[in-house]
Amino acid sequence: MASYMNHPDSLEKLEKSVGGLKEKSVVYCPTAANAEGGRGSWEKSSTLVLARKLCGNVDVVELENFDKEDVVSKFRKKDIIWMAGGYSGYLLYWLRRFSLDVIIPELLEKGSVFVGSSAGSMICSKTNFIS
């Protein structure tokens, strides 16, 4: 997890921990950015460009566009769960609405890898207080 997922050390550690990225499938969730920069503001983000460059199969999932069953199915089928930055409170709302706050830890125990940048990493804390 990082405030900005572009640092060479972070990328090297990620690639090493998952045993290579090209053959991995990724669910990339830009939902937090929708609350901060507006819908679709993330489409040219550096983290999405990076995910598409490094990983073989990237499935973009804006939580607002799906129902619970479809979202859960998409998350279960991927090796890497990548949460982008933006407004963490908005992201938490959608994660909880789809019970992903419970499902993601289960997926991690089964071997999925979580990548979070900025708000995407903040949501992993026990509290979400910002000073």
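In the predicted model, Glu 23 is placed in the loop that runs between helix H1 (8-18) and strand S1 (25-29). The relative accessibility of Glu 23 is 54%, so this residue counts as exposed, the cut-off for that class being over 50%. Glu 23 is also part of a patch of negative charge on the surface, where it gathers with Glu 12, Glu 15 and Asp 79.

Aromatic side chains were examined next. A pair of aromatic rings is described by two quantities, the distance of the centres and the angle of the planes. Rings were taken to pair if their centres lie within 6.5 Å, and by this rule the count comes to 4 aromatic pairs. One of these is formed by Tyr 90 and Trp 94, with 6.4 Å from centre to centre and 70° between the planes. Because planes over 60 degrees apart count as edge-to-face, the pair of Tyr 90 and Trp 94 is assigned to that class. Both residues belong to helix H5 (residues 88-97), where they are 4 residues apart, or about one turn of the helix.

Tyr 90 and Trp 94 were then classed by accessibility. Tyr 90 has a relative accessibility of 23% and therefore counts as partly exposed. Trp 94 has a relative accessible area of 10% and is therefore buried, since buried means under 20%. Trp 94 forms a further edge-to-face pair with Tyr 93, in which the centres are 5.3 Å apart and the planes are at 85°. Tyr 93 is partly exposed, as its relative accessible area is 45%. Through ring pairs, Tyr 90, Tyr 93, Trp 94 and Phe 98 are linked into a cluster.

The loop between H5 and H6 contains Ser 99. Most residues other than glycine have a negative phi. In Ser 99, phi is near 60°, a positive value in a residue that is not glycine. With a relative accessibility of 23%, Ser 99 counts as partly exposed.

Helix H6 (residues 100-109) includes Ile 104. The relative accessibility of Ile 104 is 7%, so this residue counts as buried. Ile 104 and Ile 81 are separated by 23 residues in sequence, and their C-alpha atoms are 8.4 Å apart in space.

Technical notes: Residues numbered from 1 in each chain as written. Predicted model: local features only at pLDDT ≥ 70, side-chain atom pairs only at ≥ 80, totals over all residues. Heavy atoms only, no water. Patch = residues over 30% accessible without salt bridge, like charges linked within 9 Å, V, L, I, M, F, W, Y side chains within 5 Å. Areas by Shrake-Rupley, 256 points an atom, 1.4 Å probe, with all protein chains shown as cover. Salt bridge = Lys/Arg side-chain N within 4 Å of Asp/Glu carboxyl O. Lys, Arg positive; Asp, Glu negative; His and termini not counted. Charge placed at Lys NZ, Arg CZ, Asp CG, Glu CD. Helix = DSSP H or I, 4+ residues; strand = E, 2+ residues; numbered from the N terminus. Buried < 20%, exposed > 50% of the residue type's maximum accessible area, 1.4 Å probe, protein only. Phe/Tyr/Trp six-rings, centres within 6.5 Å; stacked < 30°, edge-to-face > 60°.
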